[in-house]
Amino acid sequence: MATEDDKDELLLSCRYGELDEVKQFVEKYGSQPLQDIRDQNGNTILHMTCGNGHEDILDYLLPLIDTSFLSSTNNAGSTPLHWATLNSHLSIVKILVLFPQGPGAALIDIKNSAGRSPLGEAEMAGWDEGAQWLTSQMNLDDGAENTGMKEEDTIGEDLEAGVGEIEVEIEDADGGIAKMTLGPTKDK
């Protein structure tokens, strides 16, 4: 059975990108305790791994844990996706959202105690690349459903009408509006 020191060492190994130490822990104690390890702030091994951009450790851990662990929250209500977004780790964000057995785009909608989703965190940090990618993964088909048309049909009509860009407005938990343009960009 892993001691508290062993668990603390695993959290630090995930934080600092020490894949060999993570593997040694799993070889010694198995994968069972991985999901139960948290620091004093409720951060898990995934928070440490994702917040610090350690893709190799994430790739190693994902097959060993239950996929519900991807949406685990710390004491502030933040998920590993929140942490990856706060630190602008696009490769980690993509792995978490696109993981085949995971919750997918539903991860983007989870709000922390401050009322912000990972998309809201990207916007607050001024990380446009991440915010645009997260927006591209969201299910934004409400308007198409209301008209009885499929989303693909409305996009096709827009393109036929010569509309090459679509402006999206997203309201955050504080009522602030973020505007984003999707589609081809014009050289200025």
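Author: A residue counts as buried when its relative accessible area is under 20%. Keep that cut-off in mind for this predicted model.

Reader: What share of the 188 residues of the protein counts as buried?

Author: The cut-off is under 20% relative accessible area. The protein has 188 residues. The share of them that counts as buried is 38%.

Reader: How many helices and strands does the secondary structure come to, and in what order do the elements run?

Author: The count comes to ten helices and two strands. Start at the N terminus and read along the elements. The order is α-α-α-α-α-α-α-α-α-α-β-β.

Reader: Which residues of helix H6 are buried?

Author: Helix H6 covers residues 90–98. Apply the cut-off of under 20% relative accessible area. The buried residues of H6 are Leu90, Ile92, Val93, Ile95, Leu96 and Val97.

Reader: How far apart in space are aspartate 59 and isoleucine 95, C-alpha to C-alpha?

Author: Aspartate 59 is found in helix H4. In sequence, aspartate 59 and isoleucine 95 are 36 residues apart. In space, C-alpha to C-alpha, the distance is 8.4 Å.

Reader: Why is aspartate 59 classed as partly exposed?

Author: Buried means under 20% relative accessible area, and exposed means over 50%. Partly exposed is the class in between. Aspartate 59 is partly exposed because its relative accessible area is 42%.

Reader: Where does serine 88 lie, and what is its phi?

Author: Serine 88 sits in the loop between H5 and H6. Serine 88 is partly exposed, with a relative accessible area of 36%. Serine 88 is not a glycine, yet its phi is positive, at about 55°.

Reader: How many aromatic pairs are there, and what kind of pair do phenylalanine 25 and tyrosine 29 form?

Author: The count comes to one aromatic pair. Phenylalanine 25 and tyrosine 29 are 4.9 Å apart, centre to centre, with 50° between the planes. Planes under 30 degrees apart count as stacked and over 60 as edge-to-face, so this pair falls into the remaining class. That class is tilted.

Reader: Are phenylalanine 25 and tyrosine 29 buried or exposed?

Author: Both lie in helix H2 (residues 19–29). They are four residues apart, about one turn of the helix. Phenylalanine 25 and tyrosine 29 are both buried.

Conventions
Residues numbered from 1 in each chain as written. Predicted model: local features only at pLDDT ≥ 70, side-chain atom pairs only at ≥ 80, totals over all residues. Heavy atoms only, no water. Buried < 20%, exposed > 50% of the residue type's maximum accessible area, 1.4 Å probe, protein only. Phe/Tyr/Trp six-rings, centres within 6.5 Å; stacked < 30°, edge-to-face > 60°.
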